[in-house]
Amino acid sequence: MLKLLKDKSLSSTWQNFFEENFKSDIENIALEYPDKRSIFIDYWDIDRINPSLAEGVLNQPYKSIFNAEEALKNIDVASGEKLNLHFRIKNLPEINRLIIRNIRANHLGTLKAVDGLVKKRTEVRPKLQVAAFLCQKCGAIIKVEQDEDILKEPTECYADQGGCERISSFKLVTSLSSFIDSQKIEIQENPEGLRGGAQPERLSIYLEDDMVGEIAPGDRVIINGILHSMQRRRGTFKLTSFDKTMDAVSIENEQLAFEEVEVSEEDEKEILKVSRDPKVYQLMQQSMAPTIYGMDVEKDALVLQLFGGLSKRMPDGTYIRGDIHTLFVGDPGTAKSQMLNYLSKLAPRSIYASGKASSAAGLTAAAVRDEFGEGQWTLEAGALVLADMGIACIDEIDKMSDQDRSSLHQAMEQQEISVAKAGINATLKSRCAVLAAANPKLGRFDEFMPIHEQINMPPALLSRFDLIFSILDKPNRDRDTELATHILHTHKAGEVKENISKSLKSKFSSKDEEKLMEMVMPKFSPEFLRKYVAYAKRNIFPVMNDDALEMLKTYYVNFRNSSEETVPFTPRQLEAFVRLSEASARIRLSEEANVEDAKRAINIIDQYLRRVGIDKETGKFDIDIIATGISHSQHDRMRNIIDIIHRLCDESKEGNASRNDIIIEAETNGIAADKVREVLDRLKRNGQIYEPIHDKYKITEY
Ligand code: ADP
Ligand code: MG
């Protein structure tokens, strides 16, 4: 096959091309050879100098690249070294860019650029490049270049390599063969390019030599490479259908999420104008899922989440995330999924996934052994890695796997995920904001039960969310009327639109449509909003002023000390305040977070605590309920009762405390009997006490 590619005149054209235009680049590479062994050339440079060479590169890439690499071998460099360089072309014309689902048979054998999101990668493994065979008849060593996946053996003992010319059997000698590093990756289509709910298609790509080990799952890449087919097999049978794969020629990393959004000068003018509008916050809120009625606070939270706070890297190496994590918990049918869906379409680089993910990687990442790796371990990215630099919208997060449950902490707080299993040892980035929704275990949300008991998520994980909103669906005549009006109105608007466009004898005018649609039209179009957010994230890095700082501090200290009993906040909440204030300043495109921003942050957290963090007995906020599921007053009561049990055990001959005595003793301390029973049950469930004899308790010794 290689012999067929050889073309003396093409090779000398390339040689001239390199010598006249890239001599100094090659000399530079020679200085670092063999650490550097690739020359990267922009397609448009070839096109400018020699259009017919450029055309050949696109249409006959194997031949072009083979001869270009041959030519590179013949170029003399100052060091006198013989270079064996890879010729890597980048920046292909736009029309040669394909999305995976559009790959067709006539693209095979041509050079194309395919963009996507890296989903999996195998370990780096050696692959035979030139295999050395020992002739079992005469002992000659016969070398065969390996350019396919299946091992190619000599058909006879070649005379031109000093062999006996007989048909013989051959034995592979690995110590005399040469190997090249190879790696297989899988990319999937970017979520932005997918039409409503379509599953992303995937493509396997082979990387060789100095390209291996460069990219990680979650990366956004453009792969320039040669599409080719690979015969499918069923057992040992070869089939007539083929799989499409790609041999990579070069890899280009895509930019950061919001840099991809282009903002023209005109856009900028409009953005600056909007930012000065005193109603900007309200307008933003009204641009979030306008077909959904109410949920104003939730929509405010989504706006803040879209803009996000500042992530910070401290001199001591600690990382503080800027992304705001939000959780919706609540009754079924309260438009939670709908909100997630809307945001995932609005924000660049966002991923919509379900907690009961079907892939092995789940929400985070995993090392798996599957067909793709052909027996080797593969590192596969889950939703939070794929949403790197975007927003991960996770529906039904309560249904996630145990493995996700344990790795989600790190993914949300440190924003990276480490996988160490088998030969794979990797750390993947998950710098995304998480917007999650959960349904209560028992179908309906119970205001009087701690959240963590209702949604099958450990308290430690819940405390990673900056905001948790409970969404209740309680009958309320006024609200129901408005909601019904809104939903029915939305449907009517949709009906009229369909009617006008499809019905032959429509009696509605476009005026009617416009009027009806007004209510459900977002104040800012999603395109404009994306540009606005991109502009703010790129240019605005607010710093809190002293007044704002003072306000948050006072609020925090006052709240923690508002009562001796309750500990309403943890330092984690304080960080949430900061993030929300920063995001709020960003919305105004302000470089300074002021008192107004601090107030907005306080207000929104207040709203959330009011709904989920209230101790139903004292009517006070208590973050302990969220963090541990037990309010501070409950906790005190438990301590008190444990003390009583201790004392009674010490006093009794058998060393245990009877249920009745505990209740009587506790009542003298002002704890009602039913509360005591509740606490005893809880302590027993937690394993803090046990019941050796019916109605007699003992403290568990650790
Ligand atoms: P959940 O995920 O909370 O169970 P969904 O997002 O699937 O609920 O919503 C169920 C349906 O009810 C959707 O069609 C949604 O549009 C509608 N719906 C629920 N609440 C509202 C609301 N406040 N405004 C408009 N539509 C709503
Ligand atoms: Mg749902």
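What follows is a run of questions and answers on this predicted model.

Trainee: Let's start with the whole chain. What share of its 702 residues count as buried?
Mentor: Keep in mind that we're looking at a predicted model. The protein chain has 24 helices and 29 strands, and its C-alpha atoms fill a box of roughly 105 × 80 × 60 Å along the principal axes. The accessible surface comes to about 35,300 Å², with 49% of that belonging to carbon and sulfur atoms. As for the 702 residues, the share that count as buried is 49%.

Trainee: Is A534 buried or exposed?
Mentor: The cut-off for buried is under 20% relative accessible area. A534 has a value of 0%, so A534 counts as buried.

Trainee: Which residues touch the most other members of the largest nonpolar core?
Mentor: In soluble globular proteins, nonpolar side chains tend to be buried together. Here the largest nonpolar core has 100 residues. The ones that touch the most other members are L306, F307, L327, L384, I394 and I397.

Trainee: Take I397 from that list. Which residues is I397 in contact with, leaving aside neighbours within four places in sequence?
Mentor: I397 belongs to the 100-residue core and is among the members that touch the most others. Leaving those sequence neighbours aside, the contacts of I397 are L327, G355, L363, L408, A436, A437, A438, M457 and F465.

Trainee: How many residues are in the other core, the one that lies apart?
Mentor: I26, Y33, I65 and A113 are among its members. The count for that core is 33 residues.

Trainee: On to the ligand. Which residues are closest to ligand 1?
Mentor: The shell around ligand 1 splits by class into six nonpolar, five polar and two charged residues. In all, 13 residues surround ligand 1, and the closest are Y293, G333, K336, S337 and Q338.

Trainee: How far is a polar side-chain atom of S337 from an oxygen atom of ligand 1?
Mentor: Let's work through the polar atoms in turn. A backbone N or O atom of T334 lies 3.1 Å from an oxygen atom of ligand 1, and for an N or O atom in the side chain of K336 the distance to a ligand oxygen is 2.8 Å. For the polar side-chain atom of S337, the distance is 2.6 Å.

Trainee: How much of the accessible area of ligand 1 does the protein cover?
Mentor: On its own, ligand 1 has 570 Å² of accessible area. The part of this that the protein covers is 72%.

Trainee: Which element gives the largest share of the shell around ligand 1?
Mentor: Two helices each supply at least two residues: α10 (336-346) and α15 (477-502). The largest share is three residues, and they come from α10.

Trainee: Where does A289 lie, and what is its phi?
Mentor: A289 is in the loop between α8 (280-285) and α9 (296-307). Its relative accessible area is 4%, so A289 counts as buried. A289 isn't a glycine, but its phi is positive, near 35°.

Trainee: And N91, is it buried, exposed or partly exposed?
Mentor: N91 is in the loop between β2 (86-90) and β3 (97-98), and has a positive phi of about 60° without being a glycine. Its relative accessibility is 33%, so N91 counts as partly exposed.

Trainee: Last one. Which elements do the buried residues of α5 pack against?
Mentor: In α5 (residues 51-59), the buried residues are L53, A54, G56, V57 and L58. They pack against α2 (8-21), α4 (43-49), α6 (61-73), β2 and β4.

Notes
Residues numbered from 1 in each chain as written. Chains lettered and ligands numbered in written order. Predicted model: local features only at pLDDT ≥ 70, side-chain atom pairs only at ≥ 80, totals over all residues. Heavy atoms only, no water. Core = buried A, V, L, I, M, F, W, Y, C linked by side-chain atoms within 4.5 Å. Buried < 20%, exposed > 50% of the residue type's maximum accessible area, 1.4 Å probe, protein only. Contact = heavy atoms within 4.5 Å. Near = heavy atom within 4 Å. Polar contact = N/O pair within 3.5 Å; in protein donor to acceptor, adjacent residues only side chain to side chain. Areas by Shrake-Rupley, 256 points an atom, 1.4 Å probe, with all protein chains shown as cover. Helix = DSSP H or I, 4+ residues; strand = E, 2+ residues; numbered from the N terminus. Nonpolar A, V, L, I, M, F, W, Y, C, P; charged D, E, K, R; others polar.
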